[in-house]
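Welcome! Please take a moment to look over the sequence and the model below, and then we will walk through some of the main features together.

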Amino acid sequence: MSSLAEEQFEGGDSFPKDFGYGSYDDENSGPQVQNGKTRILLMGHRRSGKTSIQKVVFQKMSPNETLFLEGTNKITKEDIANSSFLQFQLWDCPGQMDFQDFDADLIFAKCGAVIFVIDAQDDYMEALNTLNLVVTKAYNVNKNIRFEVFVHKVDGLYEDNKMETQRDIHQRSNDDLLDAGYDHITLSFHLTSIYDHSIFEALSKVIQKLIPQLPTLENLLNILINNSGIEKAFLFDVVSKIYIATDSSPVDMQSYELCCDMVDLVIDISGIYGLEESPDVPAFDSRSSSLIKLNSGTILYLREVDRYLALVCILREDNFEKQGVINYNFLCFREALQQVFEIRNKSNGAGEPGSDTESIEKLGVVNNHAG
Ligand SMILES: Nc1nc2c(ncn2[C@@H]2O[C@H](COP(=O)(O)OP(=O)(O)OP(=O)(O)O)[C@@H](O)[C@H]2O)c(=O)[nH]1
Ligand SMILES: [Mg+2]
């Protein structure tokens, strides 16, 4: 390990004692997996908003409080292991890191995704050069890394300007990669801000790509909604409000925001009136559920799935008449999900497609339309 890298890491408690990477070479782990957790890097120039993103999404900091955050001067690692599917480490890298001179092998070798944050309110030309440098270095170390570009702080831009900025950044960064002979690398772009739900949505999409069981989860959700008269279903990590899967119909931001608000509501009410005494554990258990009727004839229905997972569904009021069928289908869904968890745990995160399919086949759902 180079001394540069040593200096860059925040020492002490947040790092494993054996930070020599010996123990990370677990044979069962894929190249991106470390102790069963995928590593995600947050990179970008100073004050682009990396630490704010981490604090707002995973530590419930209010966006206004981020105004007082100090610059990060060492890589800080956060373990995220809320639900069985959300198992990763977020590495917040300092903006002043010398991107020319850092130890790329050490940083990228076991990384699943790099999130490169660009301040869209600032001049981003220099950031695009850095993006190019980071992407090419990372790709040379690890060809499996996914590159996610957050065009960030878009709350400060006019609506028309947002798409134009993203288009410009997209165009320039792809041209730069082409010039460097790396046109086969795919970059994904997201317009984000900590002042609305866009940052949660973008992180959901980034994280979903790293969940090997995603197709299985999507399939299970499709079966559930098709047989229950549900219009849209999200599987939420209630702590971060990241949705780890949804059915295959398109996501519209408004539905997602409604579901996020419902998760907040249930967690807040459970926290205030629930029985759990420990402040760290939300009072959210196997009996947690909530139903909200909107004046548009739509129903929001939340059911607990796992300790930190909830299913939130949107459906027409008429379709909720057969609540028993929906509840029965939900129990089948939960059981199938449990099997996916078990398979994942057995295979240490590697996933076994054959067995996943088997768990779908075992899903004995009842068709709501059949009457
Ligand atoms: N308007 C707006 N400001 C933001 C947003 N995200 C972060 N900021 C502000 O940007 C400033 C810098 O945020 P940080 O999170 O400290 O930036 P950083 O990338 O971690 O910076 P370094 O640690 O120095 O690399 C803070 O004042 C935040 O309040 C956003 O979405 N919109
Ligand atoms: Mg920071």
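This is a predicted model: local features need pLDDT of at least 70, side-chain atom pairs count only at pLDDT 80 or more; totals for chains, interfaces and linings use all residues.

## The chain at a glance

Let us start with the whole protein chain. Its fold contains 10 helices and 12 strands. Of its 371 residues, 39% count as buried.

Contacts can also be sorted by how far apart the partners sit in the sequence. Among contacts in the protein chain with a separation of 6 or more, 71% are between residues 24 or more positions apart.

## The open sheet

Now back to the strands. Five of them form an open sheet, in the order β9-β8-β12-β11-β10, and their pairing is antiparallel. At the edges are β9 and β10 (289-293), each of which pairs on one side only. From one strand to the next, the twist averages 25 degrees.

The opening question belongs to the pairing of β10 with β11 (residues 298-306), which is antiparallel and runs over five bridges.

Nine of its 11 residues are buried, so α6 is largely enclosed by the rest of the structure. The buried residues are S198, I199, F200, E201, A202, L203, S204, V206 and I207.

What do these buried residues of α6 pack against? Their partners are the helices α2 and α8 (253-273), together with the strands β5 (111-119), β6 (146-152), β7 (187-192) and β9 (242-246).

## Two helices side by side

Two packed helices are described by the angle between their axes and the distance between the axes. For helix α7 (residues 214-226) and helix α9 (residues 323-346), the axes come within 10 Å and cross at roughly 170 degrees. Because angles over 145 degrees count as roughly antiparallel, α7 is roughly antiparallel to α9.

You can trace the contact residue by residue. From α7 come T216, L220 and L224, which meet N329, F333, A336, L337 and V340 in α9. Sorted by class, this contact of α7 with α9 has six nonpolar residues, two polar ones and no charged ones.

## Around ligand 1

Next, turn to ligand 1, which is surrounded by 22 residues. The closest are G49, S52, G71, T72 and G95. Helix α2 (residues 50-58) gives the largest share of this shell, with three residues.

Which classes of residue make up the shell around ligand 1? There are 12 polar residues, five nonpolar and five charged.

## Two residues with positive phi

Most residues other than glycine have a negative phi, and most peptide bonds are trans. Here are two residues with a positive value. R47, in the loop between β2 (37-44) and α2, has a phi near 60 degrees. K241, in the loop between β8 (232-237) and β9, has a phi near 65 degrees.

Is each of them buried or partly exposed? R47 has 15 C-beta neighbours inside 10 Å, so R47 counts as partly exposed. K241 has 22 other C-beta atoms within 10 Å and is buried, because a residue with 20 or more such atoms counts as buried.

How values were computed:
Residues are numbered from 1 along each chain as its sequence is written. Chains are lettered from A and ligands numbered from 1 in the order in which they are written. A residue is near a molecule or strand if its C-beta atom, placed from the backbone, lies within 6 Å of it. Helices (H or I, at least four residues) and strands (E, at least two) are DSSP runs, numbered from the N terminus. Ala, Val, Leu, Ile, Met, Phe, Trp, Tyr, Cys and Pro count as nonpolar, Asp, Glu, Lys and Arg as charged, and the others, Gly among them, as polar. Axes are lines fitted to C-alpha atoms, for helices over the stretch in contact, and angles run from 0 to 180 degrees between N-to-C directions. Angles under 35 degrees count as roughly parallel, over 145 as roughly antiparallel, 65 to 115 as roughly perpendicular and the rest as oblique. Two residues are in contact if their C-beta atoms, placed from the backbone, lie within 7 Å. A residue is buried if 20 or more other C-beta atoms lie within 10 Å of its own, exposed if 12 or fewer, and partly exposed in between; C-beta atoms are placed from the backbone. Two strands pair if DSSP finds at least two bridges between them.
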